[in-house]
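Subject: Structure handover

Hello,

Here is the structure I promised to pass on. My notes on it follow below.

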Amino acid sequence: MKVLRALCFVLMVPGFVWAQASPQKADSATNDSEVAAELKAVREALSQAQKQMASQEQALRDALSQTQKQLAVQQQEIEALKLQARAEQTASVRNEQPARLVEASEPVTVSSSLIAPDSGVRGTGVVQPLPQAVVQKGEGPLSFKIGSADISLGGFVDIENIFRTTNTQNNIATNFAAIPFSNTPQGQLSEYRLTAQFSRFSIHVADKWGDNDVYGYCEADFSGNDATNVYQTVNGHTLRMRLCFFDLKRGKWEILGGQTWSWLTPNRSGIGPNPAELAITYNEDQNIGVGLPYTRAAEFRVAYHLNDHLAFGVGIEDPNQYIGTFVALPSGFTSVGTQFDNGSQIGTPNLFPDIIPKVAYDTRIAGRHLHLEAVGLVTGVRSTAKPVGETTFASHSSVGGGGSIASNFTLFRNFLLLGNAFWSDGGARYLVADGPQLVIRPNPAGTDISPSLVHAGAASAGFEWIASPRSAFAVYYGADYFGRNFFVDTTNTTTPGTIIGYGGPGSPNTNNRAIQQVTFDWLQTFWKSDTHGALQYYTQYSYLTRAPWFIAPDAPRNAHLSMVYAGIRYVLPSTSGFVLRVPYPENK
């Protein structure tokens, strides 16, 4: 290998030497110029290519930057839509609560809510969902889903102090028709009660089936038929059904069946069954208040929502032909009393279900919500007996009716005026049964009897004011009136001329002509949390009087009492978002 390397070196050296020594050709300058030109062209081409590449790179960078900006904007829009959806869900939920605090009185199913003043305006005549207190759509500590159904549990724990200046012997529901007179021992004694029986729980199930929105709702408390010794040791208050109904909505149609608030109960908006939509005061008294017609009974009804303003429908409701303990019966036909609800007879032979049509209109005047409604009532009663000297029964019936009008108007922000008026021929059972639906009238010969309906009417007015996000106040006045319907007992051969019926001369002081009530409510929310619940204090003060048709010599002209409800309520987390609510918040 060394020899070969040496040989190659020897052969190459002469060539290098010759090349260095040889003279250049004559055209070498021209060749150099051409080479330089070619090199310059190449450099320019390379430079142009580099510029194009740089331009394309910048364009790619700009496009990438623009895409990133668009993605960022889209992400922001997505987050905004999510926040809006949550806000709309919360607002729709809150807007479902009535203009009052957590469950004040017979009313609302759950608690009322703390809605911001600018949380938006709730719907008017359109079909409304159930109160969000029970419609959490699977969100919240006590809300969940099973399949496609949203299930929410709600309720509250309540401890209530009750003081009355006379001994009505009532618990949390005041018997307005039996306020003791001052010439009785009960009229000279005050009473105090402490109870937790107003505590409540509820369940709401909502689902969608095709074009149908369906939901079921049930609520219960512990004010059932207690044993006579309920307060002696363990206070074993009885569970009872307050509400339990099914509601289906399809387009503009709505169908409901089950136990619900009567359509004679005034609405705050629309004609829906949602307790949050009902004008049932802030009162804590379980009988709500004087002057407000209502029942919670089995009902089937169909409603049509023409538009966002107008809705109407018709329903049938379970009646119970009612005489209570008010009516003096014909002495020759006292056994007929078992055909009527006398306070203990529940199996009455009702003629037909009460028929209740309703129309409601909601609008805005100068930006303020106005609700108007009119309700009708058709009711009937019947009885049967063997006329004197006959061997077969003779049946008689009577058909009556009546109606009511109601309205509420937001006079200014968070200040609601509301009122209603009711008049009927046979509608006393809708006034907490404070008077009879009918009396039994004998014929002139005293050989037969027939039912005769009693006139009954009521009215109430007041205002509700959400003074702050934590404080609400209300004032109401209400009155009930029961017409007299009396006659001579032609069946009484022992004491001719005896007056029977209702409200006649010599009638007991339970035959009331008028009952009146003035109420002041204050509701205060201490704190609330969507995850830990809410704590609320409430106070109701009421002054009541009742005046009978007949006043015995030296007897008081009326009975009267003052009463105070004061309590603390803990609201379960699933409903804690609804403590104070604004009925129709204005966009200010």
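Which elements each supply at least two residues of the lining of the largest cavity? They are β12 (394-412), β13 (415-425), β16, β17 (471-482) and β20 (512-529). Before the rest, please keep in mind that this is a predicted model.

Overall make-up

The protein chain has 588 residues, and 48% of them count as buried. Its secondary structure consists of two helices and 22 strands. If you take the contacts between residues at least 6 apart in sequence, 69% of them join residues at least 24 apart.

Cavities

Searching the whole structure gives three cavities of 30 Å³ or more. The volume of the largest cavity is about 200 Å³. Its lining is made up of 23 residues, and Thr281, Leu292, Asn420, Ser460 and Tyr476 are the closest to the centre. Sorted by class, that lining holds ten nonpolar and 13 polar residues, with no charged ones.

The second largest cavity has a volume of about 50 Å³. The residues lining the second largest cavity are Asp247, Glu254, Leu256, Trp263, Ile271, Gly272, Pro273, Arg301, Val302 and Ala303. Of the elements, β8 gives the most, with three residues. Six residues of the lining are nonpolar, one is polar and three are charged.

Largest pocket

The largest pocket holds about 1800 Å³ of space. It is lined by 48 residues, of which Asn225, Arg240, Asn287, Val432 and Ala433 are the closest to its centre. Both β6 and β8 (296-305) supply at least two residues of this lining. β8 therefore needs a look in two places, since the lining of the second largest cavity also takes three residues from β8, and a residue counts towards a lining when it has an atom within 4 Å of a point. The class count for the pocket is 17 nonpolar, 22 polar and nine charged residues.

In soluble globular proteins, nonpolar side chains tend to be buried together. In this model, the largest nonpolar core has 49 residues, and the members that touch the most others are Leu264, Ile356, Leu438, Phe482 and Leu544. Two or more residues of this core come from each of β10 (354-365), β11 (368-385), β14 (438-442), β15 (449-453), β16 (455-468), β19 (499-502) and β22 (559-571).

Neighbours within four places in sequence aside, the contacts of Phe482 are Ala428, Leu431, Asp434, Gly435, His455, Ala456, Tyr502, Asn512, Arg513, Ile515 and Trp549.

Disulfide

How many disulfides are there? The count comes to one. The disulfide is between Cys218 and Cys244, with an S to S distance of 2.0 Å. The two cysteines are 26 residues apart and sit in distant parts of the chain, Cys218 in strand β5 (residues 212-221) and Cys244 in strand β6 (residues 240-250). Cys218 has a relative accessible area of 27%, so it is partly exposed. Cys244 is also partly exposed, at 29% relative accessibility.

Backbone points to check

Most residues other than glycine have a negative phi. Two residues are listed here for a positive value. Ala366 has a phi near 55° and lies in the loop between β10 and β11. With a relative accessibility of 77%, Ala366 counts as exposed. Val432 also has a positive phi, near 55°, and belongs to the loop between β13 and β14. Val432 is partly exposed, at a relative accessible area of 21%. Val432 is also one of the residues closest to the centre of the largest pocket.

Regards

Key:
Residues numbered from 1 in each chain as written. Predicted model: local features only at pLDDT ≥ 70, side-chain atom pairs only at ≥ 80, totals over all residues. Heavy atoms only, no water. Core = buried A, V, L, I, M, F, W, Y, C linked by side-chain atoms within 4.5 Å. Buried < 20%, exposed > 50% of the residue type's maximum accessible area, 1.4 Å probe, protein only. Helix = DSSP H or I, 4+ residues; strand = E, 2+ residues; numbered from the N terminus. Contact = heavy atoms within 4.5 Å. Disulfide = S-S within 2.5 Å. 1 Å grid on protein atoms, 1.4 Å probe; cavity = no way out; pocket = protein on both sides within 12 Å on 5 of 7 lines; lining within 4 Å. Points joined across faces, edges and corners; volume = space filled by probe spheres on them. Nonpolar A, V, L, I, M, F, W, Y, C, P; charged D, E, K, R; others polar.
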